[in-house]
Amino acid sequence: MDRYLIRKNPRVEGDVQEEEKRQEVVDDSDVEQEEESPGPSSQPFTSTEGAAASHDASTLGDLSMNAQDGPKIPTLHKYPTRMFGVQQRSFCKGWMEPYPWLEYSVSQDAVFCFACRHFLGGGGHGFHREPTYTTSGFHNWRKATASFKGHHESMGHKFAMEAWTEFKLKAKSGSKITNMLDKGHSVLIQENRRYMMGVVESLRYTACQGIAQRGHIEDEDSANRGNFRELLSVIGKFDKTVQKKSDNNPSNAKYVHHDVQNEIINVMAEMIRKQLRDEVKDAEHFAILVDESKDISKKEQISVIVRYLNTESERVVEEFLHFTPADGLDANSLFASIKQTLSRCGIDLNCCVGQCYDGASVMSGCNNGVQELFRREVPQAVYIHCHAHRLNLVLVDCVHNVDAAAEFFETLQTLYKFFSGSVVHDLFLKKQRELSTAQRIELKRLSDTRWACQYDAICAVKRTLPAIIATLRDTVRDKNAKRRTEAKSVSSLMDEQFVLHLILFEDVFRTTKFMSDALQSPNFDLLTADDLAQSVITAISEKRTDDNWAAIRKQAGDMCVNTGIATVHREKRQTQTAKHLEGFIVEAPIERPGMGSMDELKTQSFYPVLDRLLMELRRRFSIEANGVLAGLPALSPNHPSFLDKQVILPMARHYGVSEENLCAELHQVRRLLKRKEEQGCTINSNQELLSLMRPYKDAFVDLYKLISISLTLPVTSASCERSFSCLRRLKSYLRNSSGDGRTSDLALLAINPLRARALDIDRIIDAFALNHNNRRIVLL
């Protein structure tokens, strides 16, 4: 039996000898080839038989997944090398010019033929699919030129190139292809596309709103077929074409099945990811934000966010990419998942300049954590501990390590639990209505992982304290013995000391709440965050005075009077000198203040709380602790060290900027800024400096790069937390069986509704028609 089956066709019969000669050249390329069944096709390669044959290449995340992607051509600073004898050889990007069908896999360090992979599948044309260029990949760089030339001249490859050319023309024409068809066929296509517009818009609306799409029972006679089907029915009431197709089309040609829904949702999501990929590529640098959380189905989901400088809007943005299920919670598994996500989205890992995670040891470990594994592969990617998590750790540390604070917040939690009972809660709301006409307020639960929840809990108690006291007094007389006993216990905690702590912590935590809210903005940069932290430290330091303590005591006393809380004033006992100290000069105090006295609260609560906060803030918020980040102030126009070479130099060296180039550019930039200042132009921030230097980007390449990086470096991973909020809305108790791909695509559309609504519906339908295998209605 012949090794390859060649169909006798007048178009190719005369070139059989040439084909056999070419096979001899490829067989000498020292690359293993496997047997494949023939199967060319003029359509994109989607047959089951062919898909199984190309399984290895199709599963590579850095290769094109379908015909619409086009050849993947990653741009690397340096390609991997292989030893051939005594010489090292690597892939050369210049090969892409004479052979545009090449696509390179970074993970395999091999090239593939885009045309043969997608357009030479099952079909009966009799052409052989070379495994070297479709499955295993070619990497014998020593014989690359000869092998590429032989493959380029093969008949099978020429046939695939013709099919690819026809496919591109067909895709380019899009909906205009109907002009080449007869009138009846054109009308049919227009009706089909009109119907698909209703399907797409229904899916897009429900996805952007983050509401459920599918119903529990979607039969025609079901009372509720889900939001998607019901919305499509509403559209049909105003569009006769949609109504006709929905009523008359066969059940397998209505395109409302959940698999079709997944395809259309994926098409829209991939369009948005392509926009993000192009924006990151234009920015040249990006930072990555990663966090993980467990969804309602008990599955760990990894949220991957990229932060970059948008060249069009000239502002920093943080964009969600993907939810990836975690194969494991160890550092190696998490790092592999992050790499896989970036590769799938077509983002070059080597362009990463910063990484931001929470303080978990598996992420921030300096020896084997994710950040260290990332830095081993991308040394320039600086690790930054999320500032919002840092601030939360400061507050939690203060709450747990100062006895007075720990007792106070435990009392707040006791209040929350007691007032959560249905009877007490109803009475509490009634008392609020009687004592005030303002909107009712609920008490807040404390949590170590929820940012600024302590301040919210304090404010709720402070604003409803009169209603709390009135509720407790009525509950003490309740007929239920258990409820009555609990009310007496809680009432005993509502004393002057509790009110004083309420005023103290509300005043202190109000300052940190402002910082917590500001840090969650995606436009914040590291230098601004450091300035904000220093201002908070200064503000808390100024509160550590006797005058402030006296003001807090007065305010607490007034609140006790207004709410009817009894104030106890203990007289200080007279100091008596011990007999064995008679005749001596006593310089230190020899008495212990009574328990619960104001002096004791001042020394054991007021000062320890402030001192603990200041100590933790200074320890955790210090930009000088990182030698690379210490150069950021020198890029701020308002900082005393602005454009100081010695300050910038460590950061410049870290990101590959030579000292000579830096000195030359700094000298010229000073002269440029001086001229701009004479013209009346003032610069007050890094963003304004970057905008000023944009026209001179080519002249100040290195300095422009450093300023861009300073704005790109992440501050917090708050965007990951926001994505988890979206995940909780998408995967709820009643929607816990959604597939991973559908969940990730829906999250991308829900998080980016403006981008989703701006997608061209004709392009969505065209992409779906080109991708969909079992085409029951003609759309092109």
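The mean pLDDT of this predicted protein model is 82, and 85% of its residues come in at 70 or more; pLDDT is the predictor's confidence in each residue, on a scale from 0 to 100. Where pLDDT is low, the predicted coordinates should not be read in detail.

Numbering starts from 1 along each chain as its sequence is written. As this is a predicted model, local features need pLDDT of at least 70 and side-chain atom pairs count only at pLDDT 80 or more, while totals for chains, interfaces and linings use all residues; side-chain values use heavy atoms, with hydrogens and water left out.

As for the overall fold, the protein has 32 helices and nine strands, taken as DSSP runs (helices H or I, at least four residues; strands E, at least two) and numbered from the N terminus. Of the 780 residues, 49% are buried (under 20% relative accessible area, with exposed meaning over 50% and partly exposed in between; 1.4 Å probe, protein chains only). Among contacts between residues at least 6 apart in sequence, 72% join residues at least 24 apart.

Two non-glycine residues turn up with a positive phi. Lys298, at about 65 degrees, is in the loop between strand 5 (286-294) and strand 6 (300-310), and is exposed at 64% relative accessibility. Glu314, at about 55 degrees, belongs to the loop between strand 6 and strand 7 (315-325) and is partly exposed at 27%.

Aromatic rings pair up 33 times in the structure (Phe, Tyr or the six-membered ring of Trp, centres within 6.5 Å; planes under 30 degrees apart are stacked, over 60 edge-to-face, the rest tilted). Phe409 and Phe509 are stacked, because their ring centres lie 5.8 Å apart with planes at 25 degrees. This pair ties helix 16 (residues 403-419) to helix 21 (residues 496-519), across 100 residues, and both Phe409 and Phe509 are buried. Elsewhere, ring pairs join a cluster that includes Tyr79, Trp95 and Phe148.

Charges sit over rings too (NZ of Lys or CZ of Arg within 6 Å of the ring centre and within 35 degrees of the ring normal): Lys168 over Trp164, at 4.3 Å from the ring centre, and Arg390 over Phe621, at 5.9 Å.

Conventions
Contact = heavy atoms within 4.5 Å.
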